[in-house]
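Subject: Structure handover

Hello,

Here is the structure I said I would pass on. My notes on it follow below.

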Amino acid sequence: NQIPHGFPVIDMGPQLKVVEKTRTATMLCAASGNPDPEISWYKDMLPVDINSSNGRIKQLRSDGVTLVVWLVTACFSYLS
């Protein structure tokens, strides 16, 4: 199963994590392709709105994309 050249590929696979209330959650994602894929984050099947998070959620860019959530409000697990 060869993926055609330029098709998007997820380079960093998901990992199960558990984060305690009031701690910081860091979620990583890396994808490649041509053009560069756009990475979007979702919670409960809805897009994460970074602009309405009162600064608690930041999207950082490096080799992949990192989403950081400060002061988590509930104990939860996630795939990153």
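**Overall make-up**

Of the 80 residues in the protein chain, 22% count as buried. Please keep in mind that this is a predicted model. The accessible surface of the chain comes to about 6400 Å², and carbon and sulfur atoms account for 54% of that area.

The secondary structure consists of eight strands and zero helices, so the order of elements from the N terminus is β-β-β-β-β-β-β-β. As for contacts between residues at least 6 apart in sequence, 57% of them join residues at least 24 apart.

**The sheet**

Four of the strands form an open sheet with antiparallel pairing, in the order β1-β3-β7-β6. Its edge strands are β1 (9-12) and β6 (57-61), each of which pairs on one side only. On average, neighbouring strands in this sheet are turned by 25 degrees against each other, direction ignored.

Strand β7 (residues 65-69) pairs with β3 (residues 25-32) in the antiparallel sense, over five bridges. Within that pairing, Ala25 stands opposite Val69, and Thr26 has Val68 as its bridge partner. Strands β6 and β7 also run antiparallel and are joined by five bridges; here Leu60 is the bridge partner of Thr66.

**Strand β7**

How is β7 placed relative to the rest of the structure? Five of its five residues are buried, so the strand is largely enclosed by the rest of the structure. Val65, Leu67 and Val69 point one way from β7, while Thr66 and Val68 point the other way.

Thr66 lies in this strand. Its relative accessibility is 13%, and because the cut-off for buried is under 20%, Thr66 counts as buried. Leaving aside neighbours within four places in sequence, Thr66 is in contact with Thr26, Met27, Leu28, Lys58, Gln59 and Leu60.

**The nonpolar core**

Which residues make up the largest nonpolar core? There are 11 in all: Val19, Ala25, Met27, Cys29, Ile39, Trp41, Ile57, Val65, Leu67, Val69 and Val72. Strands β3 and β7 each supply at least two residues of this core. The core members Val65, Leu67 and Val69 are the residues that share one direction from β7.

Val72, another core member, touches Val19, Glu20, Lys21, Thr22, Arg23, Ala25 and Arg56, not counting residues up to four places away in sequence. Val19 and Ala25 from that list also belong to the core.

- Thr22 is found in the loop between β2 (16-19) and β3. Thr22 has a positive phi of about 75 degrees although it is not a glycine. With a relative accessibility of 53%, Thr22 counts as exposed, because the cut-off for exposed is over 50%. Thr22 is also one of the residues touched by Val72.
- Pro35 sits in the loop between β3 and β4 (42-43). The peptide bond that joins Asn34 and Pro35 is cis, with omega at about 5 degrees.

In brief, the notes cover a four-strand antiparallel sheet, a β7 strand with five of five residues buried, a largest nonpolar core of 11 residues, a positive phi at Thr22 and a cis peptide bond between Asn34 and Pro35.

Regards

Definitions and conventions
Residues numbered from 1 in each chain as written. Predicted model: local features only at pLDDT ≥ 70, side-chain atom pairs only at ≥ 80, totals over all residues. Heavy atoms only, no water. Pairing = 2+ DSSP bridges. Axes fitted to C-alpha atoms, helices over the stretch in contact; angles between N-to-C directions. Buried < 20%, exposed > 50% of the residue type's maximum accessible area, 1.4 Å probe, protein only. Contact = heavy atoms within 4.5 Å. Areas by Shrake-Rupley, 256 points an atom, 1.4 Å probe, with all protein chains shown as cover. Core = buried A, V, L, I, M, F, W, Y, C linked by side-chain atoms within 4.5 Å.
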